[in-house]
Amino acid sequence: MEWQEFIRDTWQTTLVFLGLLVLTRVLGKTQVGQLTYYEYISGITIGSLAANIAAADADKVWNHYYDLILFVALTYAVSLITVKSRPLRKLIDGSPTIVIENGKIIEENMGHLRYDLDELHGQLREQGVLEPAEVQYAILETTGKLSVIKKTDNQPVTKSDFNIHLPDPVFPVEFIMDGVVIEHNLRKKHRSQAWLEEELAKQNITDISEVTYAGIDSKGQLFINRKTPSNYSKNNSDN
């Protein structure tokens with residue numbers, strides 16, 4: 001590879017990397033979560049356009065980059081429209097489809113989706129269901145994921161069935177991550193760093209850098225995890 005080609009490949013690939021970093025943030029989390037068919041195809045196309053930029057001749061880079069920007073802009077516009085328009089959302093993403101009702105497999109619906117029994121049984125097993133007869137409703141979502149609602153007799157017993165009432169869980173809040181205090185979370189919970197240091201001292205921790213994680217857990221209690229040294233090197237040296 002000549003020096004000029006090396007420089008060209010470096011800046012083109014860097015341009016693709018930075019562009020995708022920004023553009024995927026614009027498109028949002030749906031592009032990296034459970035994908036609908038439209039999002040799946042969209043993601044593949046964006047990757048293909050990005051590859052064209054990295055491999056393009058120097059005089060064609062900005063042409064391909066414009067194609068990428070335009071496609072992402074159109075994808076973003078469609079995502080905004082589908083949020084507002086349910087008919088268009090159903091047209092693009094499709095609709096959830098019931099494939100089991102009251103323990104009976106609805107073969108007609110499965111045929112329309114080209115969804116076979118092996119796939120159905122496999123996804124039922126992933127949900128801890130061995131027989132369709134245990135299921136009240138099984139719904140194939142637009143992402144391809146199977147949602148299962150078991151019949152009442154097959155659902156696990158809960159505390160409310162025994163009239164046992166517990167406090168609702170609290171959303172966890174981090175105070176320390178990798179030895180660094182997250183000050184805005186302390187302020188959100190009306191706590192001070194002095195309070196945090198006092199709580200750490202109760203567990204004989206004098207240096208915040210000794211803590212991997214500390215925060216309020218789902219029960220509303222302060223959880224502290226001290227860093228622990230790895231025995232990997234020691235074990236290797238003994239062998």
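Guide: L166 lies in the loop between β4 (146–150) and β5 (173–177). Strands here are DSSP runs of E, at least two residues long, and helices are runs of H or I, at least four long; both are numbered from the N terminus. The model is predicted, so local features need pLDDT of at least 70 and side-chain atom pairs count only at pLDDT 80 or more, while totals for chains, interfaces and linings use all residues. Residues are numbered from 1 along each chain as its sequence is written, and side-chain values use heavy atoms, with hydrogens and water left out.

L166 is exposed, at a relative accessible area of 54%. The classes are buried (under 20%), exposed (over 50%) and partly exposed in between, with a 1.4 Å probe and protein chains only.

β4 belongs to an open sheet of 4 strands, ordered β2-β1-β3-β4 and paired antiparallel. Its edge strands are β2 (104–105) and β4, each pairing on one side only. Helix α6 (residues 117–126) packs on this sheet and touches β1, β2, β3 and β4. The direction of α6 makes about 60° with that of β4. Contact means heavy atoms within 4.5 Å. Axes are lines fitted to C-alpha atoms, for helices over the stretch in contact, and angles run from 0 to 180 degrees between N-to-C directions. Inside the sheet, β1 (residues 97–101) pairs with β3 (residues 135–140) over 4 bridges, in the antiparallel sense. Pairing needs at least two DSSP bridges between two strands. I100 stands opposite A138 in β3.

β5 belongs to another open sheet of 4 strands, in the order β6-β5-β7-β8, again with antiparallel pairing. Here β6 (180–181) and β8 (222–226) stand at the edges with a single partner strand each, so one side of each has no neighbour in the sheet. β7 (residues 211–216) runs antiparallel to β8, joined by 5 bridges. I216 has L222 in β8 as its bridge partner.

E210 and R226 meet through their side chains, 3.0 Å from N to O. This pair links distant parts of the chain: E210 is in the loop between α8 (193–201) and β7, and R226 is in β8, 16 residues apart. A salt bridge means a side-chain nitrogen of Lys or Arg within 4 Å of a carboxyl oxygen of Asp or Glu. E210 is partly exposed at 25%. R226 is partly exposed too, at 34%. The structure holds 2 salt bridges. E199 and K202 form one of them, with their closest N and O atoms 3.2 Å apart. E199 is buried at 18%, whereas K202 is exposed at 56%.

Last, the whole chain. It has 9 helices and 8 strands. Of its 239 residues, 24% count as buried.
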